[in-house]
Amino acid sequence: GDVSSLAADDRNALVTLKRWAQHPAFLSADLTICLIAENLSELNQGIIQNPGVAAISIPLPSEEERLEFIRASGAFPAEDGLTPEILATLTAGLKRVQVRNLLSQAAENQQPLTLKFLAARKKDLIEAESGGFLEFVQSRFDLSMVAGNDAAKNKLKDAAAALRAGKTDVLPMGYVICGPVGTGKTFLTTCFAGEVGIPAVTLKNFRSMWQGVTEGNLERVLNLLKAMSPIAVIVDEADAQLGNRSSSGDSGVGNRVFAQIAAFMGNTELRGKVIWFLLTCRPDYLPVDLKRQGRAEEHIALFYPDTVEERTALVQAMLKKSGTKVSPEAERCFVERSVGLSGADIEAVLTRARMQCALANAPAIGPDDVKAVLDDFVPPSYPTEIELQNLVAVLECTSRKLLPQKYRDADRTELIRRVNELEALTRR
C-alpha cells in the first residue's frame with residue numbers, strides 16, 4: 001500500500017527490499033528474489049517501478065493450453081457431443097485447477113458433463129473469480145425480438161454476422177448506445193449477445209473504500225475479460241461507472257482507474273475479442289478518451305417510437321415477449337393511444353392491462369381494458385430532460401441513417417444552442 005498507511009514493520013520491509021534491488025552484493029550474486037501477488041496493484045509502486053525489479057505476468061491458460069491439459073487428464077464422461085476440443089473452447093476464462101475440478105467431479109460422481117451443467121458451473125466460477133464484479137447475462141432473445149430502431153438493429157446484425165464468420169478485424173472496438181430513458185438500450189445489447197451466441201457480462205461496481213483495492217479489482221476483471229474472449233462487456237450508466245481524468249478527492253484512484261480502462265479499451269489486439277457496450281442517456285458526460293475512434297467507435301442512438309408502424313411493432317414485440325393474448329381491437333386501441341410514450345411506458349401500461357385482465361379472469365385483454373388503463377395512466381413528466389437526452393443523442397450519433405428523418409438535416413449549430421439552453425434550465 002501507500003507508505004503513509006503502512007505499519008512500521010511493513011515500511012522497514014519495503015525499504016529493505018528496495019535496498020536489496022540495488023545492492024552490489026545481490027546484483028553480483030546468482031540470486032533471485034520472487035514476490036508473488038495476484039495483482040501488481042497489491043504491491044507498493046516503489047517496488048514495481050524500481051529498475052532492479054522485473055514484472056512477469058502469468059496469464060490464464062489459452063485455448064490451446066486448456067486443450068493440452070484436458071487431453072493429459074485422460075477420458076471423462078460427457079454427453080451432448082462434448083469433445084475435448086469443445087470443452088477447451090467452453091472453459092475460456094477458467095484456471096487449470098478449475099478445469100481439473102470439473103473433470104474430477106464428473107469422473108468421481110459418474111455424472112457426464114453436459115452443455116447445460118458446464119454453462120451454469122462456468123457462470124458460478126467466473127463470477128466468483130472476478131470477486132462478484134462481473135455478472136453473466138443470460139439472454140433468451142435475439143435481435144428479432146427488438147421492435148423499432150431498424151437501422152440500429154441492422155447495424156448490430158451485420159456485426160454479429162461478421163463475428164460468427166470470424167472476421168473480427170472489421171468489427172468496432174466498442175459501441176456507445178445512447179438515447180433517452182426507456183428506449184431499450186439494455187434490452188438491445190443483451191439481444192445482440194443472444195444473436196451472436198458469445199458470452200456477455202455486465203461490469204458491476206468494482207470500487208472500494210480501501211487504498212489500492214479498487215485498482216486490484218479492476219486488474220483482476222480486465223485479465224478475466226482478456227482470457228474469456230470473444231466476449232461482450234456491458235457497462236450500464238457508463239458515464240457514472242467509468243469516471244474521467246478529472247476525478248479528484250480520491251488520492252488519484254479515479255485517474256488510475258480511468259487510465260487502466262482506457263488503455264485496455266484501446267488495445268487493438270483485442271478488436272473483435274472484447275466488445276464494449278457503453279450504455280448511457282447522457283453520452284455528453286462520457287469522456288472523449290473512451291468514445292473516440294479506436295475505443296468505443298460506433299455511437300448508436302435510440303429514440304421513442306415515432307410512427308404508427310414503429311408503435312405497432314413495439315406493442316407486438318412486447319406481447320410476444322410476455323406471452324399475452326389481446327384482441328385485434330385492443331391492439332389497435334393500444335397503438336392509436338400510445339403516441340408519445342416510451343417503450344418502458346408502453347410496457348408499464350401493458351402490465352397494468354394484464355393485471356386487470358387477470359383479476360377479471362378474462363381469456364384475453366380487450367379494448368375496454370386498454371382504454372381504462374390508458375385513461376388512468378399518467379406517465380412521468382420531465383419534458384426538458386427528455387428533449388435534452390434526445391438532442392445529445394442526435395449530436396453523438398455517428399451514422400446519419402440511425403437518426404429520425406426530422407434530425408438528419410438539422411442545423412447542428414442550432415441543436416448545440418438548444419442543448420445549452422436546456423442544460424441551463426435543468427441546473428436551476
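## Aromatic pairs

Six aromatic pairs are counted in this predicted model, where the rings of Phe, Tyr and Trp (its six-membered ring) pair if their centres lie within 6.5 Å, and where planes under 30 degrees apart count as stacked, over 60 as edge-to-face and the rest as tilted. One of these pairs joins Phe 192 and Phe 277 in a tilted arrangement, with 5.2 Å from centre to centre and 55 degrees between the planes. The pair connects distant parts of the chain, since Phe 192 belongs to helix H9 (residues 185-196) and Phe 277 to strand S5 (residues 274-280), 85 residues apart.

Phe 192 is buried at a relative accessible area of 1%, and Phe 277 is likewise buried at 0%; buried here means under 20% relative accessible area, exposed over 50%, and partly exposed in between (1.4 Å probe, protein chains only). Phe 192 and Phe 277 also form one aromatic cluster with Tyr 175. A ring takes part in another kind of arrangement where the charged end of Arg 282 sits over the ring of Tyr 285, 4.2 Å from its centre, the rule being that NZ of Lys or CZ of Arg lies within 6 Å of the ring centre and within 35 degrees of the ring normal.

## Basis of the model

This is a predicted model, in which local features need pLDDT of at least 70 and side-chain atom pairs count only at pLDDT 80 or more, while totals for chains, interfaces and linings use all residues. Residues are numbered from 1 along each chain as its sequence is written, and side-chain values use heavy atoms, with hydrogens and water left out.

## Overall chain

The chain holds 20 helices and six strands, taken as DSSP runs numbered from the N terminus (helices H or I of at least four residues, strands E of at least two). Its C-alpha atoms fill a box of roughly 90 × 60 × 40 Å along the principal axes, and buried residues make up 42% of the 428 residues. Among contacts between residues at least 6 apart in sequence, 77% join residues at least 24 apart, a contact meaning heavy atoms within 4.5 Å.

## Packing of H15 and H17

Helix H15 (residues 328-336) and helix H17 (residues 367-376) pack at an angle of about 25 degrees, with their axes 7 Å apart; the axes are lines fitted to C-alpha atoms over the stretch in contact, and angles run from 0 to 180 degrees between N-to-C directions. The two helices are therefore roughly parallel to each other, given that angles under 35 degrees count as roughly parallel, over 145 as roughly antiparallel, 65 to 115 as roughly perpendicular and the rest as oblique.

From H15 the contact uses Glu 329, Ala 330, Cys 333 and Phe 334, and from H17 it uses Pro 367, Val 370, Lys 371 and Leu 374. These residues divide into six nonpolar, no polar and two charged, with Ala, Val, Leu, Ile, Met, Phe, Trp, Tyr, Cys and Pro counted as nonpolar, Asp, Glu, Lys and Arg as charged, and the others, Gly among them, as polar. Pro 328, also in H15, is exposed, with a relative accessible area of 56%.

## Backbone details in two loops

The peptide bond from Ser 229 to Pro 230 is cis, with omega near 0 degrees, and Pro 230 lies in the loop between helix H10 (213-227) and strand S4 (231-235). In the loop between S4 and helix H11 (238-241) is Glu 237, whose phi is near 50 degrees, a positive value in a residue other than glycine; Glu 237 is partly exposed at 43% relative accessibility.
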